[in-house]
Amino acid sequence: MNTSEIVNTNAIFPKGEKAPADYFTGTAWIKPLVPDDRIFNSVIGNVVFEPGARNNWHTHPGGQILIVTDGIGYYQERGKPIQLIRKGDVITIPPDLEHWHGASHDSSLTHIAISTNTQNGIVAWLDPVTNEEYNTLTK
Ligand code: MN
């Protein structure tokens with residue numbers, strides 16, 4: 001059985017669609033929950049990262065809030081060490097701060113991503129997180 005066929009019966013949301021390879025390393029899934037509009041100025045989505053998967057370095061012109069609902073993962077801000085994040089953690093990311101997030105080496109990670117103040121922009125993608133950068137926590 002392919003691991004992607006294993007159903008997580010504890011999952012809150014469907015996995016959604018595969019995240020674009022242009023902006024993600026490894027396999028991740030995105031389920032849109034709330035679309036952008038000028039009433040809430042927010043985009044909300046659920047993201048599942050399989051072990052080893054992460055998004056590129058990026059910024060959010062209006063900031064972002066991550067609510068971790070399952071698993072163990074990594075969060076890193078430019079110039080700082082990787083932080084271990086796990087189910088129950090809430091991460092607030094100020095506008096224009098370079099960062100990335102994703103699963104740990106051995107565990108998947110699921111988080112709800114809330115991009116705020118979207119009238120200022122949603123995301124600006126940068127370079128992929130290299131294996132050397134991703135592996136710094138295990139050295
Ligand atoms: Mn982000």
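In sequence, the residues that donate to the manganese ion follow the spacing H-x1-H-x3-Q-x34-H-x1-H. Donors here are N, O and S atoms within 2.8 Å of the metal (3.2 Å for Na, K and Ca), and sites may look incomplete because water is not among the atoms. The model is predicted, so local features need pLDDT of at least 70 and side-chain atom pairs count only at pLDDT 80 or more, while totals for chains, interfaces and linings use all residues. Residues are numbered from 1 along each chain as its sequence is written, and side-chain values use heavy atoms, with hydrogens and water left out.

The protein donors are His58 (NE2), His60 (NE2), Gln64 (OE1), His99 (NE2) and His101 (NE2), lying 2.2 Å from the manganese ion. His58 lies in strand 6 (residues 58–59) and His101 in strand 10 (residues 99–103), so this pair ties together parts that are 43 residues apart in sequence. Strands are DSSP runs (E, at least two residues), numbered from the N terminus. His58 is buried, at 1% relative accessible area, and His101 is also buried, at 3%. Buried means under 20% relative accessible area, exposed over 50%, and partly exposed in between (1.4 Å probe, protein chains only).

Phe24 lies in strand 2 (residues 24–25) and is buried at 10% relative accessibility. Leaving aside residues up to four places away in sequence, Phe24 touches Ala19, Ile30, Phe49, Arg54, Asn55, Asn56 and Trp125, where contact means heavy atoms within 4.5 Å. Phe13 is 11 residues from Phe24 in sequence, and their C-alpha atoms are 20 Å apart.

Two loop residues other than glycine have positive phi values. Asn41, with phi near 50°, sits in the loop between strand 3 (28–34) and strand 4 (42–49) and is buried at 18% relative accessible area. Asp96 has a phi of about 65°; it belongs to the loop between strand 9 (90–93) and strand 10 and is exposed at 54%.

Side chains of opposite charge can pair when their charged atoms come close. The structure holds four salt bridges, each a side-chain nitrogen of Lys or Arg within 4 Å of a carboxyl oxygen of Asp or Glu. One of them joins Arg78 to Glu98, with the closest N and O atoms 2.8 Å apart. Arg78 lies in the loop between strand 7 (64–77) and strand 8 (83–86) and Glu98 in the loop between strand 9 and strand 10, so the pair ties together parts that are 20 residues apart in sequence. Arg78 is partly exposed at 42%, as is Glu98 at 29%.

Methods
Helix = DSSP H or I, 4+ residues; strand = E, 2+ residues; numbered from the N terminus.
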